[in-house]
Amino acid sequence: MRMSKNGMVTKIHTRIRTEPFTANYELVGRELGRGKFAVVKKCIEKATGKEHAAKFLRKRRKGEDCRMDIINEIAVLESAKANPYVVALHEVYETSSEIILVLECAAGGEIFNQCVADNDEAFTEKDVIRLARQILTGVSCLHRNNVVHLDLKPQNILLTSAKPLGDIRIVDFGLSRRMDKVTEVREIVGTPDYVAPEILNYEPLSTATDMWSIGVLTYVMLTGESPFLGDDKQETFLNISQVNVDYSQDVFEGVSSLAVDFIKSLLLKNPRKRATAEECLKHPWLNSLPHPHSHPHPHLHTRPASSLDEPETSQSESEPESPAPSPELDLIDSYLTYPGQGELKTGRDAFSFGEPPFPTRPEIPQELIC
Ligand SMILES: Nc1ncnc2c1ncn2[C@@H]1O[C@H](COP(=O)(O)OP(=O)(O)OP(=O)(O)O)[C@@H](O)[C@H]1O
């Protein structure tokens, strides 16, 4: 990858097509989503009949030519081609005003929708464990390749399908940067309530900056609340810089103590003290052992059991998952508490808040694919 000084990548391999996009694709259905400078629409490739998502990016933004930002986004997607949890880039088109990225369509939409949904639709803790493992696997691959996303939030984590709950796809690499020893990135980037303290302090950004956002993301997925969100930006930023987080039972009712412990290992002001993505994958919350007093809870089995398995192999199709039961499911069950499940033993028995989050006992090995 060729890099500019601020970590933007300026060289891509994908051929930029200049024939009309509509010569090869037909737009169908309603808009899939939109961001500040892009609109995303579903389309069908005429030659194959395959569904894709077309992201139309404006080249001029606030009077400035931002073509290189889009090239950077393309380069990062190219570099993450083998990452099963990053949305796949199919083709690129360019017109006088826009660049169009033809992406794999993540038909299940944003995880944001389930984060703010009512109880029946909301994620169970076990859903969150499975999705968090996928997010961490994807992010760990990015970090190993020295790529930081810098805008991880529930709007940028999509699902291959919503019902049954599919797998995640990380999208929107518009703010992503490549970091290495010679590149120091100091920029104000991100979405107010997800940005890390070092961003507010104009300190160097690093892979740990993403880990903060994963802490916020996990908090939101489990509680439906944004931990630092204040009445205005000022209050939000103050909450972030003071790491003013509510870990009370009111907010975390029915959520396991291990989950809270996991979040606490990420929402640390000092980036060096935050867990890395690989360390997170070894956290007991994501790798629980059977508990002698555990028993299944009906609430936990509302989704196909297999959807709780981590697919550790590349899965580019959004196929519904097979309903075969997973032994790992019950291993995870045993460390969780759920609403109305007061009698069940929780992870607190095995790992209390006072103990280090990353135990030295043998852990279930995680295989990462990049
Ligand atoms: N591959 C995809 N499949 C389905 N929906 C998508 C896909 N990519 C993006 N979307 C939808 O479009 C929205 C906007 O896309 P994206 O975040 O990439 O745009 P953006 O303009 O770069 O956003 P931002 O303003 O946050 O930087 C997403 O939040 C999502 O809802």
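Me: What makes a residue count as surrounding the ligand, and which are the closest?
Reply: A residue is near a molecule if its C-beta atom, placed from the backbone, lies within 6 Å of it. Here 22 residues surround the ligand, and the closest are G33, G35, K36, A38 and D172. Elements giving two or more residues to that shell are β2 (25-34), β3 (38-45), β4 (51-58) and β8 (98-104). β2 gives the most, with three residues. (Strands are DSSP runs of E, at least two residues, and helices are runs of H or I, at least four, numbered from the N terminus.)

Me: What sort of model is it?
Reply: A predicted one: local features need pLDDT of at least 70, side-chain atom pairs count only at pLDDT 80 or more, and totals for chains, interfaces and linings use all residues. Residues are numbered from 1 along each chain as its sequence is written.

Me: Why is α4 called largely enclosed?
Reply: Buried takes 20 or more other C-beta atoms within 10 Å of a residue's own, exposed 12 or fewer, partly exposed in between, with C-beta atoms placed from the backbone. In α4, 19 of the 20 residues are buried, so the rest of the structure largely encloses this helix.

Me: How do you know that the span of α4 (residues 125-144) agrees with its length?
Reply: The expected span is 1.5 Å times one less than the number of residues. For 20 residues that should be 28 Å, and the end C-alpha atoms are 28 Å apart, so the two agree.

Me: Why is D180 called exposed?
Reply: D180 has 10 other C-beta atoms within 10 Å, so D180 is exposed. D180 is found in the loop between β13 (177-178) and α5 (197-200).
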